[in-house]
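This report looks at charged side chains that pair up. Please view the sequence and the structure below before reading on.

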Amino acid sequence: MDSNRLSFRIQAEPPARLDKAISRDAPEEASLSRTRLARLIDAGEVWLNGSPITSPKGKVAEGDLIEVTIPEAEVSDLTPEDIPLTVVYEDDHLIVIDKPAGMVVHPAPGSPTGTLVNALMYHCVDTLSGVGGEKRPGIVHRIDKDTSGLLVVAKSDKAHHGLADQFRAHSAERYYNAVCYGVPDANDPRLRGVRGVSFEAGNIMKITTHLARHKTDRQRQAVYFENGRHAVTRVRIVEPFGSPSVAALVECWLETGRTHQIRVHMAHAGHGLVGDATYGGRRKLPLKSLSQAGLDAAKTFPRQALHAAVLGFVHPVSGEQMRFESPLPQDMLDLIAALRGPAG
């Protein structure tokens, strides 16, 4: 296979749809997803037995000759920006970044510049082999603007497909640290009455609901039980704060990965995150439960206290099991130190 022309034959028992058969039987190094194939078919770049293919839904038979012209990856119109990045790991196929709070992952109407993607376009300019036909980073998962921590980004089509499959199958490992109001303990009788909340061995809180856009505020997600997408979050207490305890450092891990999942689920359970104004994380704490420094720190913390601390996945090219950890950022360390102080 040269860089632009691909030829191969359909193997035995092909799938009913032509695009599925081509995706299955194309050489692995071509990394042809069905989405990419659809674009190539629309562009007239795919032939079946010498004739151009006009529909991805056609049929093929064993032994049919497929020819595909794969254009060189086009230069993306995304703007490279020289923004400092904390690179945890990088190779020819992917890069793992420890994102600071305040940075948007992908350009959008409200944030056209200054994003992680803009920074990656500058950092990876000579090493992007092409994702979906463009020289751009492949975003397979995101963390919110005001959440800090780890995420992995693809630099090649093959890595993009392999990582996307893992996140789609929920096999990637993702642990978060958060500071929440209250203590999500199985001994709290209130939690027994919250729909979707249960407890597993080891005092692990499990939250199982559906999530979808809020009916009136399109910037927010909301809990549902009939509609939306299935979502499961587990939560473990790491350290309670206060006397009596009125806040806690917790560890959360995702069985699914939905937009704002931890923030929405914790708020649903009555344990919204400190600093999370969107989901009600601004509460008045009892004056005698914490030191004045702790009360002030919780009241003024400027973002949701959430950090993507652990990221694990199988390398989509080498097959190596990879796992990365990120320490808590200084702002959360300062918050925790203030909450630990003796009550006045």
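## A buried lysine and its partner

Lys155 has a relative accessibility of 2% and counts as buried (buried is under 20% relative accessible area, exposed over 50%, partly exposed in between, with a 1.4 Å probe and protein chains only). Lys155 forms a salt bridge with Glu90, and their closest N and O atoms are 2.9 Å apart. Glu90 sits in strand 6 (residues 87-90) and Lys155 in the loop between strand 10 (148-154) and helix 4 (157-168), so this pair ties together parts that are 65 residues apart in sequence. Glu90 is partly exposed, at 32% relative accessible area.

A salt bridge here is a side-chain nitrogen of Lys or Arg within 4 Å of a carboxyl oxygen of Asp or Glu. Helices (H or I, at least four residues) and strands (E, at least two) are DSSP runs, numbered from the N terminus.

## Basis of the values

This is a predicted model, in which local features need pLDDT of at least 70 and side-chain atom pairs count only at pLDDT 80 or more, while totals for chains, interfaces and linings use all residues. Residues are numbered from 1 along each chain as its sequence is written, and side-chain values use heavy atoms, with hydrogens and water left out.

## Other salt bridges

The structure holds 15 salt bridges. One of them joins Glu226 and Arg195, at 3.7 Å from N to O; both residues are exposed.

Arg323 and Glu325 form another, with the closest N and O atoms 2.7 Å apart. Arg323 is partly exposed at 45%, and Glu325 is exposed at 58%. Shared partners link Asp144, Arg263 and Asp276 into one salt-bridge network.
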